[in-house]
Each structure stands twice: as C-alpha cells, then as structure tokens.
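Dear colleague,

I am handing over the structure below, and my notes on it follow. Please read them with the coordinates open beside you.

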Amino acid sequence: MSHKAEPSRRSRPGLTSEPLPGGEAPRLPFAFARDQQVLLDGPRLIAGPAATALGLREARRRAGQPLQLIEEPQDLFDLALTRLYQSDPADQTAPELTFDLEDSTSTTGHRDLLDEVEDAPVIEMVNQLLRRAVQAGASDLHVEPHETGLRVRMRRDGFLQTVMDRHDVPVRRILSRLKVMAGLDIAETRLPQDGRIPLRMGGRQIDTRVSTMPGSYGERIVLRILDRSTGLVPLDQLGLKPEQIDMLERLSALPNGIILATGPTGSGKTTTLYSLLKLSDLHKRNIVTVEDPIEYDLPQASQTQINAEIGMTFAAGLRATLRQDPDVILVGEVRDAETATTAAQAALTGHLVFSSLHANGSVGAITRLRDLGLDDFLIASTLRAVIAQRLLRRLCPDCKTSHPPTPAEQAHFARLGVPAPEQVHAPEGCDACSGTGYRGRVGIFEMIEVDETLRSAVDRGASEAELKGLALSQSDTLMGQGLAQVANGATSLAETLRVVGDSV
Ligand SMILES: [Zn+2]
C-alpha cells in the first residue's frame, strides 16, 4: 500500500510505480474520479492534467496495489473517463452535457451520504442512459434484466435498438435507482407499478412515464419519454402539403363540431391535435384539454390529466370541462360510447372538439363512431373533418441509393393511378444512420372534410366503401400520399408498403 502524499496538485511527471500483473483494482466513484481527475483502470492510475493530490492518494489507497501512473492530456483523460464509466464505450457525447435531474432522492428519506458516493456509478449510469435516450429523440427506453445481465433498448423512429447489453453491471441496483427516481416502492417487486420521472435537460422539460413489470430475472422497466418542449412542430415540418395546412387552418377556425385524428399509437396524432389547438388560439378562445397523459405544455390552455382510478375518465373530464365555459376542447381519445356521446353533445352546443380515435384511415372513423353507438344523424351534424396519419421513416440522405423503378415497383404506382417517378430510392446504411438506412421520419396525411355531399351520405347510412368513394381520390389516400413521398425521394417503397400497405 502506498500512502505517500503528493507534493502538489499536479501529478509528477514520469512517476511510475512497479506494475502488478493480474489483480483487479476497484473503481472510484464516478463523481470523485471526474472531480479529482483520477481514474483506476486495472493496474493503471490515469491522471488528468488537473489531478489532485487527494485524488491520487485516494486512488492508491483504494487500489491496494502498486499502480502505473499514466498522465494524460484533458481530452484523453475525458475519453478514458467516458470509456470506464459509460454504458456504451462507443458513445463519447455525454459527460459534458448539463443534465439536471430534479432532486428525487429527497423522497426516499434519509440516505447515508456514504451510500450516495458508493452509488455514484449506478446513478451516473442511469443518468447516462436517460440522457442518451433523450438526446437521440427516443420515445421509449426499455430496461430488461435477463439471465446473464441487463439489456437496455430504446425506441427510435418506431424501432427498438439495443443501447447496452452487459453482464458486469449491478442489475438490481440499477432497477432500484430507476424506481427511486420514479417514486416507486423499491421493496415491491412482485406487482406492476407506475410512476413518473420529471427531468430537465438543457432547460427543456421532459416527462418520463415509468412502468415496471415483474419478470423471471427481475423487473422489466419501460420508460416512455415525453419531450414537452418539442411538441409543437411547425406544420410545414410535419410533412403536410400546403393545401393540407390551409385545411387545418380552416378547421381550427370553425365555431363548433368535431375534428378527429386517427392512426396507431406513435403516428403523431397528438402533435397534429396540438397544432390545431395552437391555431385555434389565434382566434382568442378559451381552450381546455382533458388528456392522458398531458404530453406537452400549452401555456394558453387549461390542461387536465385524467385519472380513471378515481373516476376521472375522459367522459367525466369532458363533462366537467363543459362547465368551464370552453370554446375549444381537446379530449385525448374517444374510446367508449359515453365519451363519444358527450363529445357530440358538446359539439351540438357550440363547442369545437378535437380528439383522436382508433380507426383505420379517415373514413373508418365514421364506421367507428357508428360502432360506438352514435347515430348517423348525430355523426352527420357534428363531424367536420378526419385526419388519418402515419409516420414513414425518412431515407438517410447520406447513403440512399436510387434506381429506375422495376416493373413490380411501377405496378404499385399504376394501381393507384399515381405517375411512377423516373427514379426510386432505397436504404443502404452508413455511420450517420447507424446502418439502418433511415434517419428521422416524415408524416403522411389523409384528410377528409365533411362537406354537404358527405354529410347527406352519412345521414342516409351510406357504407364505408361508398363514403370513401365520395370523400377521397386514390392519390389522397394514405397509400397515395406514401407513394408521393417515394416519388420525391423522401422514403422507400418498402417502407411505404410496410406502414400503409394494408390500408388499401
Ligand atoms: Zn445513412
């Protein structure tokens, strides 16, 4: 054991203790290593240019073996720090980012300070994972214990990718840390639990919904990440065509009626509804929302979170909202007959109601409302418009390839009567897109406005096929819109068929 004191803050050049082969040195807590600029890496003691005497002394004491001192300039020290403490050695971005977690440890009562120091690598690892997911724009983070360790995956552009899969991490402590942050009971591991972690990153407010589920190797934890600050994407960046933007502006100015957005989870419905709300605000109206969860902060609206456990359902929230003198109401989702009826009543009594609905395509919303028990007259007199939407992965501009469409590819265009382009593009894969061939997404929208023709067809009980024929030309459909994005090189035919192939 070496206990010699260092003469100055700077480590001495050329000082080399005899290296000891084998022997595993314990690691220093992350915050200590970062602040004192010292790292233990097996038999090596890595010192940064500002390494402190305290740091060097403590590192030697902890190691309990002779160490080889290696002095590194700042950039190499930082790289080593990242390499040793980060979940994924390939990710070199995180340490200098500001990322302030709200103080979640205060909810756990008294914690031994020493514990905090010992937990520092775990805390840091969890923070790194969260930071990385937020930075990547991931929508979900999956933390999955398995037989030999822990796997972490994030959902990005709709697809899961592995961020980390390691067997040398303290699985139970990582899971506990996440549960502590989410305000969950860490002693309860046999029942599912839900919580949330409010985060701030670079001034952005990010809400994280946390759910745990017992599993054979420990609890699986899924975090849904809601970046409220990125909620209101400008309409022209959503992938809307100019005439579609005009239509949204027209719809947002309506005095009453129901406007629905349809699409699967993660198709961007909420973003569209918020954009409509924002447009409505231009008309100086009282806007109230009933949501689950509140996905974005709207300073100009009164937002309410539903809570079914205490009877605050969408329908109950909507009824309460109507007593608040609203002009425009956002109801997160119409998923039962009661909410559908209440929304229709609200529209009949002079309110503009925005909501979402699970339906395939735009005309399908009418069928769905019929299934929920609304009669044709009520639908005809309240429904103003339906926006069906999907998100297609955008081809990576750095590596996409092009070729003249094959006869089979041309047939897809011919079938919808859309002119085939001279070139179609396909994914390749490069470093910029992590080898996937895609980067970011583009929205496609199938929008119908319920005009007089459509209204009377709904009122007389016309079938979905008949309504579709009246409301949409082939190029207006999701498939038509998808092919238009293929034609302009934004996405591939394969991606369009994957997402909307079953909608025609
Ligand atoms: Zn690429």
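**Notes on the model**

Ser-280 is buried, where buried means under 20% relative accessible area, exposed over 50% and partly exposed in between (1.4 Å probe, protein chains only), and its own relative accessible area is 0%. This is a predicted model, in which local features need pLDDT of at least 70 and side-chain atom pairs count only at pLDDT 80 or more, while totals for chains, interfaces and linings use all residues. Residues are numbered from 1 along each chain as its sequence is written, and side-chain values use heavy atoms, with hydrogens and water left out.

Ser-280 is found in helix α7, residues 269–281; helices (H or I, at least four residues) and strands (E, at least two) are DSSP runs, numbered from the N terminus. The side chain of Ser-280 reaches the backbone oxygen of Leu-276 at 2.8 Å. When neighbours within four places in sequence are left aside, Ser-280 is in contact (heavy atoms within 4.5 Å) with Ser-252, Arg-285, Ile-287, Val-328 and Phe-354.

Apart from neighbours within four places in sequence, Ala-346 is in contact with Leu-322, Ile-329, His-351 and Val-353. The C-alpha atoms of Ala-346 and Leu-318 are separated by 8.7 Å, although these residues are 28 residues apart along the chain.

The zinc ion is coordinated by the SG atoms of Cys-396, Cys-399, Cys-430 and Cys-433 at 2.3 to 2.4 Å, donors being N, O and S atoms within 2.8 Å of the metal (3.2 Å for Na, K and Ca), and since water is not among the atoms, sites may look incomplete. The angles among the four donor atoms are 106 to 112°, and the site is tetrahedral, a label given to four donors if all angles lie between 85 and 135 degrees. For reference, the ideal angle for four tetrahedral donors is 109.5 degrees. The spacing of the donor residues in sequence is C-x2-C-x30-C-x2-C. Because Cys-396 lies in the loop between β16 (383–395) and β17 and Cys-433 in the loop between β18 and β19 (438–449), the pair ties together parts that are 37 residues apart in sequence. Cys-396 is buried at 0% relative accessibility, and Cys-433 is buried as well, at 4%.

In helix α12 (residues 407–416), the buried residues are Glu-409, Phe-413 and Leu-416. They cover an arc of only 70° around the axis, which puts them on the same side of α12, the arc being that of the directions from the helix axis to the C-beta atoms. On the other side of α12, Pro-407, Ala-408 and Ala-414 are exposed. The buried residues of α12 pack against β17 (401–403), β18 (424–426), α15 (478–487) and α16 (493–500).

Finally, a word on confidence: pLDDT is the predictor's confidence in each residue, from 0 to 100, and the protein chain has a mean pLDDT of 84, with 86% of its residues at 70 or more. Over residues 1–25 pLDDT stays under 50, and the model has 46 contacts beyond four places in sequence for them.

Best regards

Methods: A polar contact is a pair of N or O atoms within 3.5 Å; within protein, one must be able to donate a hydrogen and the other to accept it, and residues adjacent in sequence count only if both atoms are side-chain atoms. Four donors count as tetrahedral if all angles lie between 85 and 135 degrees; four count as square planar and six as octahedral if opposite donors are over 155 degrees apart and all others between 65 and 115; anything else is irregular.
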